[in-house]
Each structure stands twice: as C-alpha cells, then as structure tokens.
Number of protein chains: 2
Amino acid sequence: MSNTSKIYVKNLGKFVTGVYGKSFLDVLREAGVSIRADCGGIGECGKCRIVIEKGFSSPLTESEKRFLSIDEISKGFRLACQAKVIDGEYIVSIPQESILQRYRSADVGFEKEVALKPLVKKVFIVTNPASLEDVRSDLDRVLDEVFKKVSLGDVDVDAYVAKIVPNALRLGRWSATVVFWKNKILTIEPGDTSNRVYGVAVDIGTSKVVAHLVDLVSGETVAVESMPNPQASYGADIISRISYAIKDGSNLEKLQKLVISAVNILIDRMVSRTGVDKSNIYEVVVAGNTAMHHLFLGIDPRYLGLSPYVPAVRRGVYAFAKEIGININERGVVYALPVVAGYVGSDALADAIAVDLDNCDAPCLLIDIGTNSEILLNTGREILACSTPAGPAFEGATIEFGMRAVAGAIDQVFIYFDKSIGDYNVRYSVVGNAKPVGICGSALIDAIANLYKNGLIDSRGRFKNNVNSKRIVVENNRKKFVIAWASETGINKNITIDGRDINEFLLAKAAVAAGINVLLKHANITAENLSKIFVAGSFGTHINIENAITTGLLPKTDTRKYIFVGNTAISGAKMALKSSDVREKFEELAKKIKYIELTIHPLFKQEFINSLQLPPNHT
Amino acid sequence: MSNTSKIYVKNLGKFVTGVYGKSFLDVLREAGVSIRADCGGIGECGKCRIVIEKGFSSPLTESEKRFLSIDEISKGFRLACQAKVIDGEYIVSIPQESILQRYRSADVGFEKEVALKPLVKKVFIVTNPASLEDVRSDLDRVLDEVFKKVSLGDVDVDAYVAKIVPNALRLGRWSATVVFWKNKILTIEPGDTSNRVYGVAVDIGTSKVVAHLVDLVSGETVAVESMPNPQASYGADIISRISYAIKDGSNLEKLQKLVISAVNILIDRMVSRTGVDKSNIYEVVVAGNTAMHHLFLGIDPRYLGLSPYVPAVRRGVYAFAKEIGININERGVVYALPVVAGYVGSDALADAIAVDLDNCDAPCLLIDIGTNSEILLNTGREILACSTPAGPAFEGATIEFGMRAVAGAIDQVFIYFDKSIGDYNVRYSVVGNAKPVGICGSALIDAIANLYKNGLIDSRGRFKNNVNSKRIVVENNRKKFVIAWASETGINKNITIDGRDINEFLLAKAAVAAGINVLLKHANITAENLSKIFVAGSFGTHINIENAITTGLLPKTDTRKYIFVGNTAISGAKMALKSSDVREKFEELAKKIKYIELTIHPLFKQEFINSLQLPPNHT
C-alpha cells in the first residue's frame, strides 16, 4: 500500500498526487484549483462540494450530512474539506459553483479576443539611393515604396518627420521602417524594425494604477504592473481629490504629474523586466473614471464636482505622449478612452466592451462596485448607465477597523455557531498571511451577512437583545461583535464590527442596490429576467456573491448568472490598444449609452430608502 | 495767362497740374506715374515717350528728332523729358512701354485674386447651460451647435481642447467661438471672436525675410514688413550657409533660431503697427528656397549641398507654431509650402502659382534671378524647371565695387557719347538719394550693356584698344571704366568697372542664359514662341529689360512679352494662406513640375560656353 494516491481531476484534465489522510480541499488547492470554502475548510459553509466519481474516500461526516442531500450523496457529492484521501486511484470532478471564478490578481480581467488591428503600423521599405538621375526627395523615395506595400489615403507629414528622414534613410543604407499612427507618420527608423511594436494599456483607478505592456505584433501581453495611485495622499476619494485640485492654481498640475509619474514608473518596470526598448512603445491607451481621466489630461475637474456634474469631453482624446509627459517613443501617442458622463467613466465603458455588454443575451447587467459604483444595463433595446456614490465604506474608510484589501486585512469572514464551545465562532482569512490589523470590504459583507443569517442582527442592522455570545462585547456603551480577538491580531485590540459600521455599510449598499433597482424598474425588468450579471472591478472579484445577495447589495437571483470578470477596465483598454475597430466601438458606445441621472430620477429616493434594510427573505 | 496748366492724364483718368516750363517727365513723375527714363531725363535714351493728344507744348528738340519717327511725331509722340508745359489744357496718354512695370517695394508682388477659403475657420455658437436634464459634456454641447451651422466630417479633438473647453464655455456664458484648422479644433474662445482671424505669409529669402499680415475675414493685407535674413552673417549664399550649418552640431539650431526670430520680429512689428492681437493670428504660411525651407524647419541641409542635392521632403509640411518657436496663437499652425527640388524651392513654386503659370498661354516662361536662379517653362504639355547657380555677381559679391541695392548703391547707369564734352559721359541714379558708394546688379547690367552698345567693349567683354575716353583709366595695370568720379562718391574713390568685373558678370549671366536655353531647347521652343516671360524676384524688378537682353542675360524677343511681377514668392504664399484650394494647387504643381538637372543635361555645357559672350546682334 502506497502512501500516495493518483487523483484524476476532470476539470484539469490531468492527474494530481494526494497523500494519505489529506483533505481533498488541500489536495486540490495545492494543485492550483481555487475551490470555494467560505468557512475556511471546517465543514461549516458547505460550499466546497466536489464529486468523487471513482475511488474510496473517508466516511461521510456530520457536516456533510447537514449540507448534502440524499440525492447528492448518492451521486458521489462530498465536501472537499471533509473527504480525505485514503488509497488507490480517484476520479474527481468539481461543479462549476464550487470553483472560485476569480482572477488571481486584481490587475487582470476577462478579455474578449480581438483581431489585431492596432493604430500603430510599421512598414519596412528598401529604396534606391538618390542619384542625379533620381532626385526624388528622401520622403517621396520612402513613401513611393510604402504605397507599393500598403494602401493608405493621404499621409500626414509634419516637421518632425521631415527632420528625421534624411539621416534615418542613410543610416539604414536606403532602407527604413516607417511608423504610422493611423495615416500619420509618427517616425521613420533606420533599417528593419518592423518586429518591434509595443503598446501600453493603463487603468487609472482612484486608488490603484494598473498597466499592461502588449506586443502589438503578436498580440501578447508581455508584462503587467500596478501600484497605488500616488494622488491618494491628496484625497482618498474622487470628491476630495477634486476639492484638492481646485483649491489652488498649481494643484491640478501636481495631481496630473503624480499620475503621469506613476504611469512612467509602471512602464519603466515593465520594460526593465522584459528588455523591451521604451522607444518601441508607440501608444498608451488609458481607461479611468471621469475624474481620473480629467486629472490625467490636466483638465480642470471642478465641474465634475458641481451639479450637474458634466465632463469637459465625452469623446476619446488624443495627445502626444511627450506633450503630457509619458515616456515612450518621443513621438508616441496617448489615447484617453471616451467617457459616458461625469460619473460613468471610460473604465465602466471598458468593462462593457470587455464583456461585450452590447451583444449579450439581453437583458444583462454589469456592476462595477467601488467608491462610485457604475451600473450598466443592456435592456435589449438600449443600454442604460448610472453611477451611484456608494462612498468609501467598501474601501474601509468609514468603518472603525476598515481598511483596503492589503496585507493584514481580513478579507473573508465566516461566523457560525460552534457547538464545541456552545457559542458563535469566527473563521477568517487574512491577506498576505499576516496577523490581522483590520477588515476590508469583502469581509464586511461576509460579516454582516453572517450576523444576519445567524440571527445576531435584525433587518435594520441592530444587534438583537436576546442573543448571548462572548463575541458580543460592549465598549464605550456600544455593542460590538468581535471578529478577531486582540490576542490574534497585529494591533493588540479586538477587531470588531458595531452598529455604526453596519449602518455605514447599509448606506453604501443601499446606494448600489437603489441604482440597480432604478435601472431595472426604469426598463421594466426584474432581476429574474436578467441573463447575466457581470461583476467587474477588483472589489467585485473578492466578494462572496451569496453574502452580497443576503445583504441586498446584489439582486437576488440564481447565483450562476453572476460572472466575476475582474479588472475589465484594463482588459477593455487593452482591446482598444489592439484594435482600431474596438476603439470605434468605444466611441459608438459612449454616444449610445443612455445616462440616467439618479439624483433626479423619480424612483431613486424611494428605492434608496427601501434598500436601507437587510432584505427579509435571506438565503 | 495762368502760371499753371491742367493736364488730363488718360492713364490715370484724372487731371494733374503742370507749372509753366516744367518737363512732362517731372510733372508725370510728381503725379505718381513711373515713366521710364534710362538716361535720367537728358534726352539720351528715348524711352520716356508720351503722346500729347491735345495742347501745345515746347518745340521738338534735336533729341526727339533722333528718337522719334516722322510717323510718331505726327501722332503727337514726344519725349517726356524734352517736352515742356507751356499753357492751357493738355490731354496726355502714356504708351504701356513707357511705364515702368515695377513694384515700389521688393516686398510685394503680383497676386492673382483668390476666393477666400482659409484653412482657419471660426464658428460662433450659443448653447444651453448644462443642467441635470442635459448633462452633455461641454465639448458635445459646443459641437452639437457647430454641426448645426457647418458640415464637417470627423472632428479632431486633442487634450488641449479638452482642457480649455470648460472655462471657455463658462467665461463666454455658454457662448463660444470654435477655431478650426481643417477639421481639427485649434482652440475654443469665450464669446464671439469670429471677426478676428489673421494669418501671416512669409517669404524667407537667402538675404531678406518678408512678411505680410492678412485679415482672413476680409482678405485684406493689413501690414507688410521685411528685414535682412539674420542668417546672412553666417554665410551670404546658400552653399556657405549649408557649410556653416553642418560644421558643428549646434549650428543648425542656431541658424533655425535666427530665422525664426526674424519672423517673430516681423510679426511683432506688424501687430504693434495694426493693433491686431497676436493671439488672433492662427497660421503662418512660409515660402523660401529649399535651403531656407530646411533651415527654417530645422532639417539638416547637408544633402542639399552634396550631389545629387535631394531635399528631405517635397510635400508641404505642417507644424505647430509653438513647436518651432513662432509666436502667434499658442495653438497656431505653420505651413511650409512644398518645394520642387533641392534648388527649386517653394519660392519658385509660389512665383508660378502667383502668375498662374500652369494656365498661361503656353509656352510661357518664368525667371526668378538671384544667386540661384530658378527657371520654369510651361511648354504647353508640361512644366519644366531648373535651377542655375548664377553665383553672387548679381548681388555684387564678386564685383570690385559691387553691393546690394541698398542706400548708396548705383542702381541705374546710362552711358552715352556726350557731344558737349566730346567724350563718353555717364548718368546714374543712386538708391536713397545718397552719394554713391558702389554699384548693384541692375546697374552692372546697364553699364555692361551700354559699354557694349557704345562699342567700348567687345563681345568677350574686353575693352577695345581703339577707344579713347577720359573715363577709361588704368589702375594696377588694369583698364577700368569710371562710372562715378571719386569727387562725386561717398568713398572718395572712382567707382569703376573693369574686365574682371565684366568677366564675373559674364559667368553669372551665362549660367542663367544657359539654363533658359536648355529648357527651351529641351522643349523644342524658341524665345519667339513664348507668349509671356515673367520676371520675378526683387532683383528682377530692378533690371532694365533691354539692357538685360543686350547682355544676353534674357532671351531676345519682343520686350512687351516681359512682365515684371515683383516678389511673387510672398504673393503665392499669401494666396496659399487665403485658400486651401491654392494650397492643393501648390501640392499638385510640386508633384507635376518636371525638374531638369542641368549639371547632367547633355546640352548644358555647350549652352553655357555659348552664353559666355555678349550676343552679336545687340539692340
């Protein structure tokens, strides 16, 4: 009898090795399969279902009997945290709902494949040397050959090109590579450089800047980098950043320089890691919310902060990279993708493009949850969009122990009644394997949903009086639920949630829920009608969908309709970088999308009030 | 009997007043009619013919009997310098050939009228203020109104426009003027500025820079300025300037900055004189020979100085004015007109456009005489062009007493046998009413033609031995002809012409004549076939056509075919400034013109040798 077993995982299409006595959860996780286990693998949530189609495992546990039906048990369903590897060969399959549809990094997202058709094109030509018999100008000599190879309309030539052509042509011994951007000659390089064409896609988030370096010959993404948006020290959210920008004449430029420098740092990192020559990067495509878009371009954002919150420009904006300080090829171009409205930016538009919202089985919904949450609904007849100011609760700002999802943040919480101690107990996971120092938004949702499902709080978020638990403590006259005891933490303090935190959350979730409901009602659609609900954005990728539904943040419907698409802002930007057709789609969609201003919508106020409670029939 | 007479001048269509005893030449000159009088009004040249149709003048003089035929006398022909005002009323007409077809200033030229169609367009719009019911972006709000007024294709928007639109719109209380350059938005100005649109045309000559400020709403030229090309201190001619530019890495930039600063100075002068706001100048159109074109744009001119002398670029080149340092509207555009070849620049092309060479009664010829002389021939089937390096003799550089046509330069010379002293005598005029200090190119032609006609030199330009004159002196073993005695001059030296000077002239004129002859022979056309001969350029406007023909510089044919068109380089540039159609014509013509490289043309060498002599049958 060997100590190890061979386990064929159908989803992977290959064998993995399991050691005797190990849980299937551990084995599968080690093999790289992200299996859901909200409770962290203690048999308390019932989410880690797998099907052992062949092979003998450990006997069913009490926990499994609780979560699995007779029918399921007969089909081989087990909880991966309970079933242990014994001996022999196994065949295991994992139902889709047990797999975490998550992107490993918040810096990537779902990306629809597009045919390469970048705006930057290189044409390599060889020409005859100038002679007394052939006194064509250097540029004509080049262009005559170009026109033999590609058909272009009128070519745009400026002084820069006229300046560089003589030496480029002679350095390349009468061969050169012409770099076009649309029909404009960006530059002319000596010899053949046609296999070196790169571009960068950037997503400028309020709190984070993400960049992808793309080989525009192969279409491959060759590097990904991200860093916090350095503007954050001048305001965590959009409104405070706008306030800072307009407080003093030089502040706008300061904020612009900060984000430009961040993009430059990301580009530097990507080129140094890949060995790509920065002068072979010819275009940067930028997505971001409208405020980030304005600050990036140096546009005064004051009118975004004042009713009626109109942006300066909706259409896509081009600039020379040099002009705004982006360090790529000295003739490189920057394209800021179009925005929809003052609070529906090019990031939301990029989300919609990446998931192909325009062509989904309508009706379908796209939600990008953040400080400002954008909601887009393809009703089948039109695409509606709105923005709802959830505020910074999801990012931890107004929560006593709230923090972003960085190292030390509790990002998942599971509250259950632990019979072994006769009290409520908590399992949690922490970002970065550190001691916990706070809780982030996804954990807040988990905690509140769990407190509610376990009957610890009522639908208005108040702690019930009839519940006794050591975890419910009173500090400064306020009831608090202890998520992590002081001794477990990195701050030597209980990490708790109190009524005020819950209230902040309810305000935030009401804003989102009301936005969704207004759009649905405006279009006369119910959540049940929706074919798909795309959840985009880095916050979205970390939340537990059932818990979000329990709290009423997301509409109650079949959870299989929900698709986590990750950072589709960067995906959409990358698609636009790769294809001029996609860029046209951006422009069209920006025009086509019907913006719904919630603040004046007749349904909004009531929907918001209705959404302030936790929904009655929780899952 | 009154002391004054009324003289009706038919050409002017009005009466002028003549004082008893004054010559008609003086009366007409005072009235502003430029009458030819090569000899300066001493009855020795016979060029100042007028017709006194009514009225009694002084009796015919000996001089008139010499120059006028019986038939002419019977028709009332007189020499204006000889006929004097007596009494009563006169009706006078002046034959076309007696009128100097000259532009008062070398800074202007013949300009074909063009319909205004500038590339810069202003559209004034009024829009609704942004409101929660109308949250269109600022730019959409503007463009929606623009599109109601004018039909434009896709509008080009860059970051600058996005930056300025919010404040422009609000400062103008939701009204603004959009400034387009083609379909690109240059800028957006608050309120209505649509009546303030200006442009500048510039002719960058090797020795002089000329600028015109044009009101692009009315089409009027509102100011003209010129100054020496400050690059001249780094080389008087093209070749020495190219040599300087490539001698050291920073020289090209230095030369570029010099000419840019000259253009800025001219603009400054024009705006301060007219009160035009510099920010209302949106475009500068530049003509110049190819070397000046390259230096203006900062293009390395080294390949213009090396065989096969190819330019970097033929087509017109656009640049932002700011980019190259021209101080107009900060978003203004500079357009450097297309060139034909390394030595046929946009100035020659502008000449051709201004006189409409493409549509003349073919065959017709255009000559722009200078250090490099450009010759264009419309054969009826095609337009040929060549450039011939006359060298700086016409500008005085290789002539002992040579100088440019500035104050103190003898610019006209008339040599005649003065019976009263029994020797050859000289009449001359001086630029600027100063004492003479040298002779310029036009006077050199006059002097040599006169010496030849009077039999003082032979066809090879050598002083004949059998001629005795006090004016022929021997200095340093060389025979010299005295144009001005030391006592008359501002340099206390005889101003003379000697055999070496004549030789330098013959080399220069042979280059021009050979160029003309090669083009004519290449096209199988004789001078007699030509319908018109346009003489362009500031040098051209000062020469005496018969004398130029006598020397063989210009082809012998009916002098009435010759048309002095002045500085048509600036006229053509101005036409291009006023009209995008003209600009297209420039591009087309630059492509269409067939450049003939003289140095390798089989006929050139022989034609040059043939042209080294003075022609046998002089007029």
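The briefing below takes up these topics in turn.

This is a predicted model, in which local features need pLDDT of at least 70 and side-chain atom pairs count only at pLDDT 80 or more, while totals for chains, interfaces and linings use all residues. Residues are numbered from 1 along each chain as its sequence is written, chains are lettered from A and ligands numbered from 1 in the order in which they are written, and side-chain values use heavy atoms, with hydrogens and water left out.

**Disulfides and other cysteines**

- Taking a disulfide as a pair of cysteine sulfur atoms within 2.5 Å, the count over all chains comes to 2.
- In chain A, the disulfide joins A:Cys360 to A:Cys364 with an S to S distance of 1.5 Å, and this link is left-handed, with -60° about the S-S bond.
- Both A:Cys360 and A:Cys364 are buried, where buried means under 20% relative accessible area, exposed over 50% and partly exposed in between, for a 1.4 Å probe and protein chains only.
- In chain B, B:Cys360 and B:Cys364 form a disulfide with their sulfur atoms 1.5 Å apart, and the link is left-handed, with -60° about the S-S bond.
- B:Cys360 counts as buried because its relative accessibility is 15%, and B:Cys364 counts as buried because its relative accessibility is 0%.
- A:Cys45, by contrast, is in no disulfide, and the nearest cysteine sulfur, that of A:Cys39, is 3.6 Å away; A:Cys45 counts as buried at 9% relative accessibility.
- The sulfur of B:Cys440 is too far for a bond, because the closest cysteine sulfur, in B:Cys45, is 18 Å away; B:Cys440 is buried, with a relative accessible area of 4%.

**Cavities**

- A cavity is a set of points, on a 1 Å grid over the protein atoms alone, where a 1.4 Å probe fits but cannot get out, and its lining residues have an atom within 4 Å of a point.
- Grid points are joined across faces, edges and corners, and a volume is the space filled by probe spheres set on the points; the structure holds 2 cavities of 30 Å³ or more.
- The largest cavity has a volume of about 40 Å³, and its lining includes A:Ile204, A:Val286, A:Met292, A:His293 and A:Ser346.
- Strand 12 (281-288) and helix 8 (290-297) of chain A are the elements that give two or more residues to this lining, helices (H or I, at least four residues) and strands (E, at least two) being DSSP runs numbered from the N terminus.
- The second largest cavity has a volume of about 30 Å³, and among its lining residues are A:Val135, B:Pro308, B:Tyr595 and B:Glu597.

**Backbone geometry**

- Most residues other than glycine have a negative phi, and most peptide bonds are trans.
- A cis peptide bond joins A:Ser307 and A:Pro308, with omega about 5°, and A:Pro308 lies in the loop between helix 8 and strand 13 (317-320) of chain A.
- A cis peptide bond also joins B:Ala362 and B:Pro363, with omega about -5°, and B:Pro363 is found in the loop between helix 10 (346-354) and strand 15 (364-368) of chain B.
- A:Asn524, although not a glycine, has a positive phi of about 60°, and A:Asn524 is exposed, with a relative accessible area of 71%.

Notes. 1 Å grid on protein atoms, 1.4 Å probe; cavity = no way out; pocket = protein on both sides within 12 Å on 5 of 7 lines; lining within 4 Å.
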